[in-house]
Amino acid sequence: MPGIVLVGAQWGDEGKGKATDLLGDRVDYVVKFNGGNNAGHTVVIEGEKYALHLLPSGILSPNVVPVIGNGVVVDIGVLFEELEGLDKRGVDTSRLRISANAHVITSYHTTLDKVTERFLGKRRIGTTGRGIGPAYADKMNRVGIRVQDLYDESILRQKVEAALDVKNQMLLKIYNRRAIEVDEIVEELLSYAPRLRPMVADTSLELSQALDAGKNVLFEAGQATLLDVDHGTYPYVTSSNAVSAGACTGSGVPPTRVDRVIAILKAYATRVGEGPFPTELHDDKGEFLRKTGAEFGVTTGRPRRTGWLDTVVGRYATRVNGVTDFVLTKLDILTGLEKVPVCVAYDVDGVRHDEMPVNQTDFHHAKPIYEELPGWWEDISKCRSWDELPATCQAYVEFVEQQIGARISVIGVGPGRDEVIVRHDLLKD
């Protein structure tokens with residue numbers, strides 16, 4: 001049975017939670033393989049809205065085993081808060097599995113994240129201030145704290161001491177902040193250990209055994225393609241690999257076990273934080289998309305920047321992820337527009353680019369080249385089959401499909417789990 005990777009095709013907030021939930025009853029495991037609580041998925045089930053940040057979306061499906069892979073950085077306090085919130089709403093969270101190799105976000109990571117952003121001023125990245133970047137930096141610098149370290153106090157203390165030796169110098173001498181006590185961090189982390197222990201596992205082994213047994217395993221990316229640290233709009237990116245290849249390094253499952261890559265593409269574009277955004281709108285059309293699409297961050301509440309759909313980005317996502325199927329979300333938000341512009345290429349200093357410019361400077365200066373398609377006025381939120389969509393709406397989908405180079409298998413026409421049109425079965429076709 002297949003290993004399926006689910007990624008965002010733009011700058012995040014495309015609706016990955018909805019897509020995961022759509023598959024939830026048909027998969028056995030849902031694995032979060034990168035990121036931390038710096039992003040969020042919103043899932044609507046029977047009118048109930050669930051905002052998830054650190055937890056995999058599959059935790060809302062009663063027959064799914066949700067897994068936090070080794071590629072995730074875990075703020076354990078936030079994890080417990082999120083679990084408690086779901087428990088109070090009657091969601092069974094007892095199935096959660098967490099990799100012993102996942103790295104832990106500590107309070108000194110969040111402190112450094114916030115003071116560094118303030119220090120950068122106009123050169124800030126636009127992080128969420130949740131310690132994600134500093135935690136990943138410690139991982140790469142080999143001074144990170146892993147979940148398994150909470151069960152050996154001697155190792156934990158040594159690692160915290162090594163990390164704070166440098167960080168306290170930075171806090172004191174550069175940022176004029178107080179030093180952080182080693183005992184304070186060690187005691188906090190040790191206090192989490194008993195409650196966390198039943199969730200900790202060798203998740204790489206468990207997932208391999210599940211695939212061997214014919215189970216369906218869905219690997220769910222946090223953030224999105226253009227926020228990937230290697231393949232995104234660097235330096236305005238996240239600190240992990242959000243493309244499909246990250247599913248393997250972030251879960252301990254080899255690429256030979258991945259059968260399908262599903263990418264989520266919103267029918268327009270949004271971005272949170274700093275960085276280039278060629279189709280960004282600063283007029284009433286941009287405000288229309290923001291208000292109609294409720295484009296405010298699940299995690300931060302920040303208003304999202306909005307713009308028209310960019311198929312140059314879509315083609316890039318197809319290529320770097322090896323996309324087999326797209327899920328096009330929020331198509332209903334475009335209802336009522338007389339014309340719907342779609343970016344098909346860029347103009348960079350008079351030169352047309354049909355693909356993503358190879359260097360950062362050109363992308364910063366890229367101006368969108370649009371093709372305008374006729375809009376539609378009909379309410380499509382009740383449509384459940386392709387034939388029910390207005391002809392101009394079908395033409396929009398087919399045009400986008402042709403531009404991005406992979407089939408659009410599912411179309412979202414509303415926020416609910418049943419408000420979709422399935423053109424191709426994501427697991428079988």
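Rings of Phe, Tyr and Trp (its six-membered ring) form a pair if their centres lie within 6.5 Å; planes under 30 degrees apart count as stacked, over 60 as edge-to-face and the rest as tilted. By this rule there are four aromatic pairs here. One of them joins F80 and Y192, an edge-to-face pair with 5.7 Å from centre to centre and 80° between the planes. F80 belongs to helix α2 (residues 76-88) and Y192 to helix α6 (residues 182-196), so this pair ties together parts 112 residues apart in sequence. Helices here are DSSP runs of H or I with at least four residues, strands are runs of E with at least two, and both are numbered from the N terminus.

A word on the background: this is a predicted model, where local features need pLDDT of at least 70, side-chain atom pairs count only at pLDDT 80 or more, and totals for chains, interfaces and linings use all residues. Residues are numbered from 1 along each chain as its sequence is written, and side-chain values use heavy atoms, leaving out hydrogens and water.

F80 is buried at 6% relative accessibility, and Y192 is buried at 16% (buried means under 20% relative accessible area, exposed over 50%, partly exposed in between, with a 1.4 Å probe and protein chains only). The charged end of R195 sits over the ring of F80, 4.2 Å from its centre (NZ of Lys or CZ of Arg within 6 Å of the ring centre and within 35 degrees of the ring normal).
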